[in-house]
Every structure is written in structure tokens, then in C-alpha cells.
Amino acid sequence: MPDRPLLLFPTPETADRTKGRGFPGRVHRPTFNKQGERLSPIFTQLQEAFNARRVELQQTTAGVDPEQVLVIETIGNVENFANAVKRIEGLEWMGEIETEEIAPDTDFYDEKDETKELSGRLYLVMTNQRALDEMLSLWQRYQNDQNMKFDHGLTKFRDVFLCLKDIRRWGVRDRIEETGVLDVWQEDLEHDENQVIRFEVELWFRATVNKRQEARGQVGALITRLGGTILDDAIISDIAYHALLAEVPADTAQQIIDHPSVDLIKCDSVMFFRPVGQMATGKEPVESELSDHEAEDAGLPSGDPIVAILDGLPLANHNLLADRLIIDDPDDYASEYTVADRIHGTAMSSLVVHGDLSDEDSPLSRPVYVRPIMKPIVWINSPRPEQIPGDVLMVDLIHRAVRRMFEGEGTDEASAPTIKIINFSIGDTSRLFTQIMSPLARLLDWLSVKYRVLIVISAGNHDRDIDTGISKKEFDALSKDEKEALVVKALYDDARHRKLLAPAESINGLSVGALHYDPAAVNHIGNAVNLFENLLPSPVSAFGSGYRRAIKPDLLFNGGRVLYKEPLGTSTDARFEARHLRIAPGNKAASPSAAAGDVNKVVYCCGTSNATALISRMAAACHDSLIEIFEEQAPDIELSSYITPLLKTMIVHGCSWGEISERLQEILQTPDNGRHIRHWISQWLGYGIPDSARVLGCTEQRVTLLGFGQLNDEEAHLFNLPLPPSLGARRDKRRLTVTLAWLSPLAASTQRYRTASLWFEVEGGTLAPNRQEADRHAVRRGTVQHEVFEGDSAIPISDGDSLTIKVNCRKDAAKIQVPVAYGLAVSLEVAEGLGVAIYNEIRTRIASAVEIRTREGR
């Protein structure tokens, strides 16, 4: 326990949540008559296309009642449209997608800025002929009488008609374009023209078992007709997931690439076709030799594990890992590994257990649970790359792995029920986040709520070359700061190709980007280039934002300094390719060796995987700190309901943008783009870099308090922070940092997705009124709100004055079924060395409040 531990708030007061103020829409929409002129031809074309598809299907399947998915595109949002859909027999709600960057036209535009891009929704509805006829009948009746009275429950269709931009069938392009599946097939066939092609078929999740079985049979028959086979299937109802793993012969795959409009690709039961085998590590060639490292004597771990790693198989008898890991390998992936292949799991285990070895920190005091979910692939060189096996559905594999920890599998009991933190240091390179939540992100969000576990996720690496757009000669003529600025601008210009890798868009997990930093000593980097002089995010670290423009990644941490190859010749382009070295710089971690029996090797490596492992290690330290705090200050509190949101809160609470934001603003800001700067910075930085010292202890000039509770819809809690009288009438700079985190249940088929919206407000915040860092709207879109306030005005403070933090809760995507647990952290600080001991002042007043509350409760 530190000399000045974090303090616990007294039990909060209850209140009603703050009611928001509605804002009138500013989007111009067509008149009633103009909508009729626009949409009537579209509805006619839709009916004709539906009829043509029905005739096509009836020629191949006798007596079939064809169902097709409609894409209903609106400008703006129509609340509760799903309820209206359910009122028409034959319509089935499939989901909705938020759309952005819709170009304005003469019909729809922002009345204040006619050039501004608009946002809207894609409503996805399964329909048969009868239901389509009824919907078209509604439209026709509405066109004949603008004032018609809609039947009970169908009024939302009128609202849709008013803001409807387009309506069409979900088609071939929707199923294959976003996933890039045919491009991956082509690359695979160019590598081996005879190989069998495997792929994932994500089906529309139907409401009934019979409908799901019917869809599976339909798709299976089409695959069989092409000479293919279904290898695996999975249904996870809680995340609206139904998928098949299939394969087809090479010649069939090539025919589909050349002519995609085959019956399988046109099948209306299919939402997406996806490639498999893209969640892999170690495909890049590495340079240089490994180093030796003699492990120092340290006590062996004891107790139950609280950190789990889902990754490749580690070298368990490495001197740095021996007797520190619990490896659970029920699928016997170890039988397919050589020692030399155990690269990624060994490095991640080392970083979780020891941290960056250059820091020489003590190992974790508890063992770490490891579940291998990757194995080596066929490869000409050694070590071989590791990836999620191609003969299983990735979502199903990870679901089974996590469920096994907490519930067991078959006759086996739960393998690691004490886990509180899961490290997930891999990403799907075939799935950059755009607007749709990936099935894997939905799974991790649901698992985190179900098992009350914090999942720490890699934001993803992008090793794409950095094209500066100028020649090597021009680049060499620039100053170091100018070169750095040019590279940063090039990365931002290419940000659409450097987005988060699934499942980093997860709303309940912590997504971690990489900082271009490590503590390794570097004497010589040869002909390699370090592109950054200042502290900045790593050039390989993925850009956000997250779902519904939430802050993502959540934070950055040390991911090693990535070096680049020096372009040759002054006439060449200044285009930089990442080097994959095994010597410094980088995070120092354990590594297997090609030499038999050598268990002392270490490697220097870089990327968001490393940063993620180090944050999982930090979470373990926060866990142990929380246990001590509650045992000392609140021994009667049952911590299990609150520990996960408190862990999430503590990690983010230590974050700040620091000097990085100043450098990025200097590079990116122009006289015309100032209002976008905070958004651009948070896309790369998230909430910033965490300082664990700030959440593991306090100082005389900095005090941190933790709060927690459970809220239902329309409820709020009030936490009162006593203000130290010694700050009264002083003009010293003060900083107030407030962090709120929770795990939200999901409504998987809705655009809002997040069931519970929580947020805090600072009431009476004259002490530090100026908001810093992240955008005030973006911080409320996820499940972490982290805000920093500063002030230096002289204000009167009397003994007994306080500042109130109000934590609010309301339903978002759906009704809140059970109260939502949350964690809160509040820090007040002044500059070190001022001689103002605010910690003791607040601690004394908090203790008095607890004593008074205790007496009143008797």
C-alpha cells in the first residue's frame, strides 16, 4: 500500500438523471409532392426486381416463397422503426447501419450549410411478396391522401416516407464488396492455382430456429452444387450471429471471381461472404539475430490467475516464463508447433509477465493463463507464421475459449474462473472498421458483460509503405522537424487505409494503440531511419474513430520505435518501408531460439500487440491495488460487481495527451480547420498515454478518489468532492480529471447497439472550468468518458464547500434489463512543490463524511 493511497467516495446520493434538450432538425427535405415524384419510379423498379427474382427462384425451387432483404435508406433517423416493421406480417427486422458522408443534393441538404455532408440510416428488412405488397400499398395510399390515418403501430412508415432517400434490394455487391473476399481469393490462387478456397458465409440472423435451419439448408445446397463442402457452422443468438465455414474447388472459385453473379453469391439468405485466415502474425521477414538474456532470480507466482492471454502457443520453459504460465490447450495445437514457431505467444506472455525487459520490473505475482488460439501455417521458411486455424470459425473458437474459462467445456470444469482481464493482441487484417460492427467485436462486447471481464484489444498495425509524395532529394533537404511533419501528414492522408482492425471497434473492451517509444538503449541503427524526432504515436498504429464516432483507440502505450528502410538514390521517391528487426530499438521480450535447448533468447519487437500486453499487465497492477484499497477502506463491500468497470476506469484515468497534442496541432492545424483538430488528434491518440503512477497512488498535491455504483434507466448518483480551503483565493493552476467507465449490454441488431448510456456532469465546477483535450461530444459515445478540466482563477472556498459529480443513466438502444455497474475516478491536483497539501485536507473531510453517513444509517 502506498503512503497516500487512492480514496473511496462515500456512498453517493440518489437523484433523477439530467434531461437533455432536444435540438430541431436542420436538414431540408423534399416536399410531399416531390417525394412522390422521386420515389414512385423507385418503388416500381423495386417491385419489378422482386418479381424477376421470384421468377428466377421458382424456376430452380418449386413452390418457394422467396424472401429478399430490402435496404431502406433515410436521411436522418426514424426512432423505433423496427417496431413498425414487426406489425406487418412477412416483414422481419434484420438490423440497421448508420451512414455518414452522404453528399447533399437539391432534395436533401443542411439548411445552414448546403455543402455539408449528411448522415442517415440503412434499415435492413427481410420481406416476402405479400409484405412488400402491403408496404407498397401503404405508400400508394399515403400518396393519394397526405393526411391519411395509418393503422395502429404503422405511423413510423409515414416518417420513413418523409425522409426516404432510396430503397433497393440487398445485392451481390453488398455481399462481397466491403469484405474484399474475391480479391483475397485471387491472391490465394495466384500463389497456388490448385488450392481449395475456404471462406466464411455470414447469414442473416433469422428470428426462428426453423428459418435459420432453412437458410442453412439453402446455402448448403448451393455450395454442394458447386462441388464445395461445409466444414463448420455456428449460431450465437445473443449477438445475432449465424455463419458457415465452407470451401470450394479452385476452378469454381476462379469462375466466381470472373462472374460473381452465380446462385450462391445471389442467395438472399446471405449477408456477407468473408475471407478466412487473415488473423495472422509473423508473415513479414525479420532481420538480425536474437540476443541473450539471463533471467534474474525472482519469486515464483502464487494464487489464482487474473490475466488470460488468447494468442499463439508460448515457449513455456523459457527461463523468463518457466513456472509462470498455465497453458490450457484442449485442441492440442502444441502438436503442430516447433519450438522456433512459438514467437508471438512467447513475446506477449513475456510482456504481460515481466513488462518490457529493458525496464527491469518485477514479474507479476500471480500466474498467467494462456489459451492458444493460433497455430503455424504451411510456410517455406522457419519460423512459420501463426494464425487462427482455417478449419474453424474464428468467432466460434474464441467463444468456446472464453466460455471454457468461466463455465467449462463438456465434462471439464471451468479452466480459469478467476480471470478479470483478457489480453487479445491480434487483429483481422481483412476487416478494417468502417461502420458495421464485426461479429468478433460483438462477441467480445457480449462476453465482457456476461463474465464481467475486461478485454484489452490491439488497435492493429499497418505496415503499409509511407509515401511522402516528394523525391528522396527533396526529402533530404528538409529539416528534421519538417521531415517529421511531412510523414505525419502522409499518415493522416492515408488514414482511410489505416483504420482499426477488427475487433478493436469493441465498445466494452479497451483498444490500445502503439506509442513510438521504448526504453531500449540504441547505439547504432545502420541504414535504417527513425522518422520521428518527437514523442508521437507509432507510424504503424491504427487510426480511429470507433463505432458511432466514439473515441477509439482508447489509449496508447509503449509499442517500440519502428525503423524504416532508407530509400536508395536521390531520384527515387521518398517512400518508406517498415523494417522488422530483432535488435534494438523495440520492446524487449522473451523469444524462442532455433537452437535446441536454448531458453535464454530475447527479441526487440514493435507494434500495438506489445502495447496491448503492457496495458494488460498494468490492469493486473490496478487489480491488486483495488483489492488493497477495498480491504483497507471498505472491507464489507462485495467488489465482484464493480471491479471490472473500476479497472477500466483506472487505466484510462491516468491518460493525457501531453506534449503530443501540441506537436500534432502544430503540424495539422490551419486557419480553416481548427474545429476539427481535437477529433483528428483523438483518432490517433485516443485519450492519450496512461501514467500508472497516477492511479496507483497519490501525492500531497494530487488526490484521486474512486466511486462506484449501479444505475437503472432514468437514475443518477451524486458524488461530492470536498474542496480544500487552502485553494481558496489562490491563482495557482488546478486540474480536475474525471473518468467514468461501464460495460454496456448490447442490442446487436440495432444501430445504437449500446443498451446503456451513462455520462457524468461536473456541477459547481468553477474551480477548474476549462475543458481540455478530447471533444466533449465524442467522449459520450462509447463506454468510457474521460475529461480534463483546468482553471487558475482565484475563487473563494469555505470549509464545507464541495464539487458535485453527477453520474447519469438512460436507455440507449433498448430497455435496460438489470442495473448497470460503473466505476468513477476523480482527481484534483495542483503543481507539485506548491506547498499546498490538498491530499490530507480532502482525506480528512472524506473520512468525516463517511462517519456522518454511517451514523445516519444506523
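A salt bridge is a side-chain nitrogen of Lys or Arg within 4 Å of a carboxyl oxygen of Asp or Glu. The exercises below concern a predicted model, in which local features need pLDDT of at least 70, side-chain atom pairs count only at pLDDT 80 or more, and totals for chains, interfaces and linings use all residues. Residues are numbered from 1 along each chain as its sequence is written, and side-chain values use heavy atoms, with hydrogens and water left out.

**Exercise 1. Characterise the salt bridge of Glu409 and Arg400, and identify the network around it.**

Step 1. The side chains of Arg400 and Glu409 meet at an N to O distance of 3.7 Å.

Step 2. Accessibility is classed as buried (under 20% relative accessible area), exposed (over 50%) or partly exposed (in between), with a 1.4 Å probe and protein chains only. Glu409 has 26% relative accessibility and therefore counts as partly exposed. Arg400, at 18%, counts as buried.

Step 3. Through salt bridges that share partners, Asp328, Asp396, Arg400, Arg404, Glu409 and Asp412 are joined into one network.

**Exercise 2. Locate the salt bridges Glu714 with Lys19 and Arg198 with Glu247 in the chain.**

Step 1. The whole structure contains 56 salt bridges. In one of them, Glu714 and Lys19 meet at 2.3 Å, N to O. Glu714 lies in the loop between strands S34 (702-711) and S35 (715-722), and Lys19 in the loop between strands S2 (13-16) and S3 (27-28), so the pair ties together parts 695 residues apart in sequence. Helices (H or I, at least four residues) and strands (E, at least two) are DSSP runs, numbered from the N terminus.

Step 2. Glu714 counts as partly exposed because its relative accessibility is 30%; Lys19, at 53%, counts as exposed.

Step 3. In the salt bridge of Arg198 with Glu247, the closest N and O atoms are 3.0 Å apart. Arg198 belongs to strand S9 (residues 197-203) and Glu247 to strand S11 (residues 241-248), so that distant parts of the chain, 49 residues apart, are linked. Arg198 is partly exposed at 33% relative accessibility, whereas Glu247 is buried at 18%.

**Exercise 3. Describe how helix H15 packs against helix H16.**

Step 1. The axes of H15 (residues 608-633) and H16 (residues 643-653) come within 9 Å and cross at roughly 120°. Axes are lines fitted to C-alpha atoms, for helices over the stretch in contact, and angles run from 0 to 180 degrees between N-to-C directions.

Step 2. H15 and H16 are therefore oblique to each other. Angles under 35 degrees count as roughly parallel, over 145 as roughly antiparallel, 65 to 115 as roughly perpendicular and the rest as oblique.

Step 3. The contact (heavy atoms within 4.5 Å) involves residues of H15 including Ile615, Met618 and Phe630, and residues of H16 including Ile643, Leu646 and Met650. By class, the contact of H15 with H16 has twelve nonpolar, two polar and no charged residues. Ala, Val, Leu, Ile, Met, Phe, Trp, Tyr, Cys and Pro count as nonpolar, Asp, Glu, Lys and Arg as charged, and the others, Gly among them, as polar.

**Exercise 4. Describe the packing of helix H17 with helix H18.**

Step 1. H17 (residues 658-668) and H18 (residues 677-685) pack at about 125°, with axes 10 Å apart. H17 is thus oblique to H18.

Step 2. Contact residues include Leu664 and Leu668 of H17, and Trp680 and Trp684 of H18. This contact of H17 with H18 comprises eight nonpolar, two polar and no charged residues.
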